[in-house]
Amino acid sequence: MLVNIKADLASKRRLYSQYGASYSLLRTLMTDGTSANVLYRTQEWLASHFGKIAGLPPHILNKWFNGCVIGIGARFEPGFVLIHPIGVVINASVRGGADVWLESSVVIGDNRGGSPVLGHGVFVGSGAKVIGPVRVGDGARIGANAVVLKDVPAGATAVGVPAVSRLPDR
């Protein structure tokens, strides 16, 4: 659990430092979303070691204090960052790679038994929805308020309702 929390904080520092501002560990700890990340990692650890019922207390605290719901059973590799956790809803069967960054009001949900799988280095903008058995490739970007219902290739950006993916010009 601590290894994942450290990796999440390191990823968050990279996120906030990418535009030149240096973020100390203390400053990173004080930013929005850190408590939501820690509660999610606690929920994940408890559920995997003692059963899903054991993950309920941090799950409920996350909902009350941070306004986000991450289903017990959702799994993200190290480097998961909730930039602004308010309104984030993630289904219990969602899987995510390393360094997945989510903005506020993101919904990643199941549709008819199929849940999204997010690759490594994925960014999901504020208000975006990723629904159903879709795959979001490594390094993909989902624009704010996009509704993703189809696979997004690696390195592509998806925008619109429904979202259309476009690879960058090379």
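**View A. Helices H3 and H4 run past each other.** In this predicted model, the axes of H3 and H4 approach to within 8 Å and cross at roughly 165 degrees. Angles over 145 degrees count as roughly antiparallel, and that makes H3 roughly antiparallel to H4. The crossing of this pair is left-handed. On the H3 side, look for Ser35, Ala36, Leu39, Tyr40, Thr42, Gln43 and Leu46; they meet Pro58, His59, Leu61, Asn62 and Asn66 of H4. Sorted by class, the residues of this contact are six nonpolar, six polar and no charged.

**View B. Helix H1 also meets H3.** Here H1 (residues 2-17) and H3 (residues 34-50) have axes that come within 10 Å and cross at roughly 155 degrees. H1 is therefore roughly antiparallel to H3. Their crossing is right-handed. To find the contact, follow Asn4, Ile5, Asp8, Leu9 and Lys12 along H1, which meet Thr34, Asn37, Val38, Arg41 and Glu44 in H3. This contact of H1 with H3 includes three nonpolar, three polar and four charged residues.

**View C. Helix H3 and its surroundings.** From its first C-alpha to its last, the 17 residues of H3 reach 24 Å, close to the 24 Å expected at 1.5 Å a residue. Which residues of H3 are buried? They are Thr34, Ala36, Asn37, Leu39, Tyr40, Arg41, Gln43, Glu44, Leu46 and Ala47. The elements covering these buried residues include H1, helix H2 (25-30) and helix H4 (56-66), along with strands S1 (69-70), S2 (75-76) and S3 (81-82). Just after H3 comes glycine 51, with a positive phi of about 100 degrees.

**View D. Aspartate 99 in its loop.** Aspartate 99 sits in the loop between strand S5 (95-96) and strand S6 (101-102). Although this residue is not a glycine, its phi is positive, at about 55 degrees. Is aspartate 99 buried, partly exposed or exposed? Its relative accessibility is 24%, so aspartate 99 counts as partly exposed.

**View E. Arginine 112 in its loop.** Between strand S7 (107-109) and strand S8 (117-118), the loop holds arginine 112. Arginine 112 is not a glycine, yet it has a positive phi of about 55 degrees. With a relative accessible area of 83%, arginine 112 is exposed.

View F. Valine 161 and proline 162 are joined by a cis peptide bond, with omega at about -10 degrees. To place proline 162, look in the loop between strand S14 (157-159) and strand S15 (164-166).

Key. Residues are numbered from 1 along each chain as its sequence is written. This is a predicted model: local features need pLDDT of at least 70, side-chain atom pairs count only at pLDDT 80 or more; totals for chains, interfaces and linings use all residues. Side-chain values use heavy atoms; hydrogens and water are left out. Axes are lines fitted to C-alpha atoms, for helices over the stretch in contact, and angles run from 0 to 180 degrees between N-to-C directions. Helices (H or I, at least four residues) and strands (E, at least two) are DSSP runs, numbered from the N terminus. Angles under 35 degrees count as roughly parallel, over 145 as roughly antiparallel, 65 to 115 as roughly perpendicular and the rest as oblique. A crossing is left-handed if the near helix is turned anticlockwise from the far one by less than a right angle, and right-handed if clockwise. Contact means heavy atoms within 4.5 Å. Ala, Val, Leu, Ile, Met, Phe, Trp, Tyr, Cys and Pro count as nonpolar, Asp, Glu, Lys and Arg as charged, and the others, Gly among them, as polar. The expected span of a helix is 1.5 Å times one less than its number of residues. Buried means under 20% relative accessible area, exposed over 50%, partly exposed in between (1.4 Å probe, protein chains only).
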